[in-house]
Amino acid sequence: MPSNVTICYIRGDGVGEDIWSASHEVLEEAVRSAYGGEKRIEWIELLAGQKALDHSGSLLPDETVEAIREKKVAIKGPLTTPVGGGFRSLNVHLRQLFDLYACLRPVRYLEGLPSPLKRPEHVDFVIVRENTEDLYRGIEWEEGTDEAREVLSLLKERTGTSISADSGIGVKPISRGGTRRIAKWAIEYAIKNKRKVITVVHKGNIMKYTEGAFRKWSYEVAEEYPDAVSFDGTEGKILFNDRIADNMFMQAILRPEEYDVLLCPNLNGDYLSDACAALIGGLGVAPGANIGDDIAIFEPTHGSAPKYAGKDVINPTSFLLSGAMLLSYIGLPEAAAKVERAVESTLRSGIMTYDLARQIQGITPVACSAFGKEVKKMVAQS
Ligand code: NAD
């Protein structure tokens, strides 16, 4: 009898169904074939988002939360969040609820992918984004509300700060403790994975006591690793440096070869993830993971792309590569490598969904499901 590997999954909203349908058999095949049929994935479906609301009247049912707590690992598709009102982001809520403080987003160029860069093969970044603090805490008050007025008058009274009365207000907390643990996580990740440079990406020239402090506290942590980290490029050690965020966006495009691990506060990491994904073909190929001390949720970087929902055109690569990250995390690196190799050879052979195909002359796009089938075939052959 094969032994079961239990994995919780949430299909997600919008294109979530398309990418799940195209991907889950690939992951099953990778586990089956990597271990000669001795291991098998047993999926547990959990509900969240619109599907959960329709089914149980709750966007995030208790059973979903309990199952993730118990099983400790899950993979999810994207969940829709209304803009400018309505409920707060479930994605952000899940990260805060389980204290998944490290968001890990590898951005690596794969042969055959389209890119606006002349030498895209230099793009091999790992974005490590603090995942629980910053403006993502969602502490904000709408313009004209009693709370907003009270905050404004408190600021005026206590600090003499005058802010226009017709302002909405948001609070940006960045703590010493939160920064220290993500900096430690990034350094230990870099040591374990033999990465060469860690760059803190901040806007500390403007936001001195939040982003500036993020930079300062990160350096303090780095100083605690004298055997592994240097600040001057000592041979054999990880170079620890920093860049102001706006400059970093330019550097990523002009000098990608100089960057490696990008350690970011929450919002910078969010912006930078999509921008870096654009260098290697787009959001369709950018995987991700939200990792805490004992729970991890894997998910593509992209959102629910409602325009393409149910059309069987979207690119499932980012979900597949997130699945590979999950397999590696739970101690099945051989299966993870099979998925990665199969995705790479499928793309290299010019089999691509519309998002990539439209950037390369002469490539006819395949459907989301057809791409999944090709990858599964490659997994079985490898
Ligand atoms: P999005 O990532 O859903 O889509 C932006 C564009 O990127 C799409 O129109 C499409 O052109 C392209 N794209 C995205 N995924 C793709 C894929 N797999 N293959 C090919 N092309 C792809 O971003 P959005 O439109 O800004 O957001 C839509 C919704 O998703 C919002 O409600 C947002 O809050 C939510 N969202 C969720 C997550 C998450 O679940 N973690 C992340 C980002 C956005």
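**Figure 1. Aromatic pairs in the predicted model.** Rings of Phe, Tyr and Trp, the last represented by its six-membered ring, are taken to pair if their centres lie within 6.5 Å. By this criterion, the count in this predicted model comes to 10 aromatic pairs. One of them joins Trp-20 and Trp-43, whose ring centres are 4.9 Å apart and whose planes make an angle of 85°. Because planes over 60 degrees apart count as edge-to-face, the pair of Trp-20 and Trp-43 is assigned to that class. The pair links distant parts of the chain, with Trp-20 in helix H1 (residues 16–34) and Trp-43 in strand S2 (residues 39–45), 23 residues apart. Trp-20 counts as buried, at 4% relative accessibility. Trp-43, with a relative accessible area of 19%, is also buried, because the class takes in values under 20%.

**Figure 2. Charged side-chain ends placed over tyrosine rings.** Two such arrangements are described here, one involving a lysine and one an arginine. The ring of Tyr-35 has the charged end of Lys-39 over it, at 5.7 Å from the ring centre. In the other arrangement, the charged end of Arg-129 sits over the ring of Tyr-136, and the distance to the centre of that ring is 5.0 Å.

Figure 3. The ligand has 21 residues around it, of which Leu-79, Thr-81, Asn-91, Gly-303 and Ala-305 come nearest. By class, this shell is made up of eight nonpolar, nine polar and four charged residues. Several oxygen–polar atom distances can be followed in this view. A polar backbone atom of Ala-305 lies 2.7 Å from an oxygen atom of the ligand. For Ser-304, a backbone N or O atom is 3.0 Å from a ligand oxygen atom. The side chain of Lys-76 takes part through an N or O atom, which is 3.5 Å from an oxygen atom of the ligand. Taken alone, the ligand exposes 810 Å², and the protein buries 71% of that area. Helix H4 (90–97) and helix H12 (354–357) are the elements that give two or more residues to the shell around the ligand.

**Figure 4. The loop between strands S5 and S6.** Asp-134 is located in the loop between strand S5 (124–130) and strand S6 (140–141). Although Asp-134 is not a glycine, its phi is positive, at about 70°. Asp-134 counts as buried, at 1% relative accessibility. Thr-132 is likewise found in the loop between S5 and S6, and at 10% relative accessibility it counts as buried. The C-alpha atoms of Thr-132 and Gln-96 are separated by 5.4 Å, while the two residues are 36 residues apart along the chain.

**Figure 5. Helix H6, strand S8 and the loop that connects them.** Lys-194 lies in the loop between helix H6 (176–192) and strand S8 (197–202). The phi of Lys-194 is near 55°, a positive value in a residue other than glycine. With a relative accessible area of 68%, Lys-194 is exposed, because that class begins over 50%. His-202 belongs to strand S8 and is buried, with a relative accessible area of 4%. The side chains of His-202 and Asp-242 make a polar contact at 2.6 Å. Ser-175 is partly exposed, with a relative accessible area of 27%. The C-alpha atoms of Ser-175 and Glu-38 are separated by 46 Å, the two residues being 137 residues apart along the chain.

**Figure 6. Ala-296 in strand S13.** Ala-296 has its place in strand S13 (residues 296–298). The relative accessible area of Ala-296 is 0%, and the residue is therefore classed as buried. Ala-296 and Asp-99 are 197 residues apart in sequence, and their C-alpha atoms are 9.4 Å apart in space.

Notes
Residues numbered from 1 in each chain as written. Predicted model: local features only at pLDDT ≥ 70, side-chain atom pairs only at ≥ 80, totals over all residues. Heavy atoms only, no water. Phe/Tyr/Trp six-rings, centres within 6.5 Å; stacked < 30°, edge-to-face > 60°. Helix = DSSP H or I, 4+ residues; strand = E, 2+ residues; numbered from the N terminus. Buried < 20%, exposed > 50% of the residue type's maximum accessible area, 1.4 Å probe, protein only. Lys NZ or Arg CZ within 6 Å of the ring centre and 35° of its normal. Near = heavy atom within 4 Å. Polar contact = N/O pair within 3.5 Å; in protein donor to acceptor, adjacent residues only side chain to side chain. Areas by Shrake-Rupley, 256 points an atom, 1.4 Å probe, with all protein chains shown as cover. Nonpolar A, V, L, I, M, F, W, Y, C, P; charged D, E, K, R; others polar.
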